[in-house]
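Student: I would like a close look at one part of this model, and then at how the rest is put together. Please go through it step by step.

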Amino acid sequence: MNPLLQNRFYLYMYTAFWVLVSGTHYAFMNRALAVSPGFALTDSLIYNIIYYPLGIAVWYVVKFNKIETGRIIQLILVHLLSAAILSLFWIFLSFQISIVFNQSDGFAIFQRSIFPSRFIIGLFYYLVITLVYYVLIYYHNFREKIEKEAAVNSLLKEAELNALKLQINPHFIFNCLNSINSLIMLKPDLAQEMIVKLSDFLRSTLSGNARHTISLDDEIKFSKLYLEIEKIRFGDKFNFIITMDERLKKIQVPHMLFQPLLENSIKHGVQQSILPVEIVMEIFGGDNALDITIKNKKEGEASTYGEKIGLKNIRERLFLMYNRSDLIKTSDNGDEFVVRITLPVRFSEKNG
């Protein structure tokens, strides 16, 4: 559709252009050519009002003659022909209407004497309007390209986040199924309990799969459900201690942020330790950031699996969500492994 008819601002600017041209036309005829004010005003209004809709019609010539490599000469010839035809039509129509208002021979002779000048002016009008249309086409195509690229990047980012989330579950589920298999014959009640809790865990995972953030309160509940499953595997071999400011419950955090970190603590702390291990989570916050620390005692050298899958996964997710690579840091103090996460504060919508 014609951008002048589709966008009010463009139409107002186009109208303002012709008002300015009409004023310049009148001033030139009245002062430079010493034409009477009444005649100068009539001439200015007739010629410029007629070109006003013709300029809008030029859009359709531009629309079907896009700038393409290899067709420049053809494009120039088309526009030269169109400009010549439009200018001749404009002059002829304007002249016929003008002599209706002034039928004197002198007026007709004057009008004919300036035909060449008007023809050149008509070509100039056509050139200006054509260039403006091509600029508008380029501008709208550029904006559309930017919007499409943003949409594609958003979809790619969404897909990558989903892929990273999907990487979390398989390893944990594999361990659970192995544990259930071991418990079925020896402790069928515990195997049944583990199946129920695993079912609840997967249901929570699937219910939140469409969201990338949930409230801190819900994320902690989700993490505790995971730890209850691990508690069946390891019994009293670990304790989970959490310290948190209750006012932070509604802050939004990435969904399944804690589970791979806690799994890392289980794998490299609890599973390799002879003595009971404390997994400690501390959550504090200010006006702009949420500070999360997870630490656990460990024995021996931890394998690099947690770094490759768990921590790397979290790093990538945080970078995609917050566009920062400094939000997670780890430290190994020999007998204690510490993960520190700093998140920009985001509250749930209902709690603003």
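Student: Leaving aside its neighbours within four places in sequence, which residues is Leu-4 in contact with?

Tutor: Two points about the source come before the reply. Residues are numbered from 1 along each chain as its sequence is written, and side-chain values use heavy atoms, with hydrogens and water left out. This is a predicted model, in which local features need pLDDT of at least 70 and side-chain atom pairs count only at pLDDT 80 or more, while totals for chains, interfaces and linings use all residues.

With neighbours within four places in sequence set aside, Leu-4 touches Tyr-10, Leu-11, Tyr-14, Ile-56 and Tyr-133. Contact here means heavy atoms within 4.5 Å. Leu-4 sits in helix 1 (residues 3-6); helices (H or I, at least four residues) and strands (E, at least two) are DSSP runs, numbered from the N terminus. With a relative accessible area of 5%, Leu-4 is buried. The classes are buried under 20% relative accessible area, exposed over 50%, and partly exposed in between (1.4 Å probe, protein chains only). Leu-4 and Tyr-133 are 129 residues apart in sequence, yet their C-alpha atoms are 9.3 Å apart in space.

Next come the nonpolar cores. A nonpolar core is a set of buried Ala, Val, Leu, Ile, Met, Phe, Trp, Tyr and Cys residues joined through side-chain atoms within 4.5 Å. The largest one has 46 residues, and Phe-258 and Ile-283 have the most contacts inside it. Helix 8 (residues 216-234) contributes the most to this core, with 9 residues. A second, separate core of 27 residues includes Tyr-133, along with Ile-46, Ala-83 and Leu-86. As a general matter, nonpolar side chains tend to be buried together in soluble globular proteins. Beyond four places in sequence, the contacts of Ile-283 include Leu-216, Ile-220, Leu-248, Phe-258 and Leu-290.

Charged pairs are another topic. A salt bridge is a side-chain nitrogen of Lys or Arg within 4 Å of a carboxyl oxygen of Asp or Glu, and a search of the whole structure finds 10 of them. One joins the side chains of Glu-282 and Lys-295, at 3.8 Å from N to O. Glu-282 lies in strand 4 (residues 277-285) and Lys-295 in strand 5 (residues 289-297), so this pair ties together parts that are 13 residues apart in sequence. Glu-282 is partly exposed at 25% relative accessibility, and Lys-295 is partly exposed at 23%.

Lys-297 forms a salt bridge with Asp-335, and their closest N and O atoms are 4.0 Å apart. This pair links distant parts of the chain, 38 residues apart: Lys-297 is in strand 5, and Asp-335 is in the loop between strand 6 (328-332) and strand 7 (336-344). Lys-297 is partly exposed, with a relative accessible area of 45%, and Asp-335 is partly exposed with 43%.

Last, the backbone. Most residues other than glycine have a negative phi. Met-256 is not a glycine, but has a positive phi of about 60°. Met-256 lies in the loop between strand 3 (252-254) and helix 9 (258-270), and is buried at 1% relative accessible area. Asn-323, also not a glycine, has a positive phi of about 55°. Asn-323 is placed in the loop between helix 10 (305-322) and strand 6, and counts as exposed at 60% relative accessibility.
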